[in-house]
Amino acid sequence: MNAYYSDHFVLPLPEGHRFPMSKYRSLRDALVDTPGIRLQEAPAASDTELLLAHDPIYVTKVISGTLDAKEQREIGFPWTPAMVERSRRSVGATIAACRSALESGVAVNLAGGTHHAYRDKGSGFCVFNDAAIAARVIQRTSAAECNVAIIDLDVHQGNGTAAIFRHDPSVFTLSLHGDKNFPFRKEPSDLDVPLPDGCDDRRYLDALQHALVELEQRFSADLFIFLAGADPHEGDRLGRLKLTQEGMRQRDQCVFDYAHKQNIPLAVCMAGGYGTHIETTVAVHRQTVLLALNHHSQRLRKSDVE
């Protein structure tokens, strides 16, 4: 199974910045000796690819370093050339994971999930919207029509993604998220499932099962993009939900079983994770990747039988 990394393209951040940049390298280190995982350097997304989901003026401002102070504050990162390269690579990793998933059933971006980026602006630590760009790239380059469902299980609503695809019937946006959490102004997804603060494993998993049933009833997908945020975990300082490690495992397994049952390729992005202890976030992400690997093995066995 291919897993694409971009952690060696590091954003220089001020001391005390709350974005957990170190988690990406720690995650790759935790997977480096895992049999069956091929760690691949993420390619950089091209300008042409970025423009499939973003406004040309915004892309130009990011690349040229002409974002104003307000725009940089909304993104949450100071502009640097490294920020641009890191953002390109994170997008490129999701594009590559989608292409690989279409060939082998499942692939992983060890970063990504930058779902707060709108067509014309960045927000919430998101510069470019990797899932939106990847969906558009795959649709433009596929020989046949490709309907994409984005299953967003980050604790924060995928507002940028929802806005980008609001009038696009070829992409279905599903978001399970904390009702009272960021962003405080939500955008309407095709299916939104707001959850209360303190939501536990049972309530979350029940809501997820119902949402996936509704997705299947309303949309015929050719590709899933799964934003497997670690931030619904009870140890996350920004999440406000109460899923245990076992609950997170069941959440991921539910999505993998859903894709397996329908025999639909699945690209996985790590999305958010802001644990009080960074090793907790890394453990949740690692668990997701190992479950994806198991899903990949099941796909191979099924293919061999057929």
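Is asparagine 2 buried or exposed, and what is its relative accessible area?

Reply: Happy to walk you through it. This is a predicted model, in which local features need pLDDT of at least 70 and side-chain atom pairs count only at pLDDT 80 or more, while totals for chains, interfaces and linings use all residues. Residues are numbered from 1 along each chain as its sequence is written, and side-chain values use heavy atoms, leaving out hydrogens and water.

Asparagine 2 is buried, at a relative accessible area of 12%. Here, buried means under 20% relative accessible area, exposed means over 50%, and partly exposed is in between, with a 1.4 Å probe and protein chains only. The residue sits in strand β1, which covers residues 2-5. Strands (E, at least two residues) and helices (H or I, at least four) are DSSP runs, numbered from the N terminus. Setting aside residues up to four places away in sequence, asparagine 2 touches Arg38, Gln40, Ser100, Ala107 and Val108; a contact is a pair of heavy atoms within 4.5 Å. Asparagine 109 is 107 residues away in sequence, yet its C-alpha is 8.6 Å from that of asparagine 2.

From there, let's go to helix α5 (residues 81-104) and its partner α6. Their axes come within 9 Å and cross at roughly 45 degrees, which makes α5 oblique to α6. The axes are lines fitted to C-alpha atoms, for helices over the stretch in contact, with angles from 0 to 180 degrees between N-to-C directions. Angles under 35 degrees count as roughly parallel, over 145 as roughly antiparallel, 65 to 115 as roughly perpendicular, and the rest as oblique. The crossing of α5 and α6 is right-handed. On the α5 side, the contact is made by Ser90, Val91, Thr94, Ile95, Cys98, Arg99 and Leu102, and on the α6 side by Asp130, Ala131, Ile133, Ala134, Val137, Ile138 and Thr141. As for handedness, a crossing is right-handed if the near helix is turned clockwise from the far one by less than a right angle, and left-handed if anticlockwise.

The whole structure contains zero disulfides, a disulfide being a pair of cysteine sulfur atoms within 2.5 Å. For cysteine 98, the closest cysteine sulfur belongs to cysteine 269, at 6.9 Å, which is too far for a bond. Cysteine 98 is buried at a relative accessible area of 0%, and cysteine 269 is buried too, at 1%.

Now for some backbone details. Most residues other than glycine have a negative phi, and most peptide bonds are trans. Alanine 271 has a positive phi of about 55 degrees although it is not a glycine. This alanine lies in the loop between β8 (266-269) and α10 (278-305) and is buried, with a relative accessible area of 4%. Phenylalanine 125 also has a positive phi without being a glycine, at about 70 degrees. Its place is the loop between β3 (106-109) and α6 (130-141), where phenylalanine 125 counts as buried at 15% relative accessibility. A cis peptide bond, with omega about -5 degrees, joins phenylalanine 182 and proline 183. Proline 183 belongs to the loop between β5 (171-178) and β6 (191-195).

Another helix pair is α8 (residues 201-218) with α9 (residues 245-262), whose axes come within 10 Å and cross at roughly 15 degrees. The two are therefore roughly parallel to each other, and their crossing is right-handed. Contact residues include Tyr204, Leu205, Leu208 and Leu212 of α8, along with Gln250, Arg251, Cys254 and Val255 of α9.

Helix α9 also holds arginine 249, which is partly exposed at 28% relative accessibility. Not counting residues up to four places away in sequence, arginine 249 touches Gln287 and Leu291. Its C-alpha is 16 Å from that of alanine 271, 22 residues apart along the chain.

A last stop is alanine 163, in helix α7 (residues 159-164). Alanine 163 is partly exposed, with a relative accessible area of 22%, and, leaving aside neighbours within four places in sequence, is in contact with Tyr118 and Glu187.
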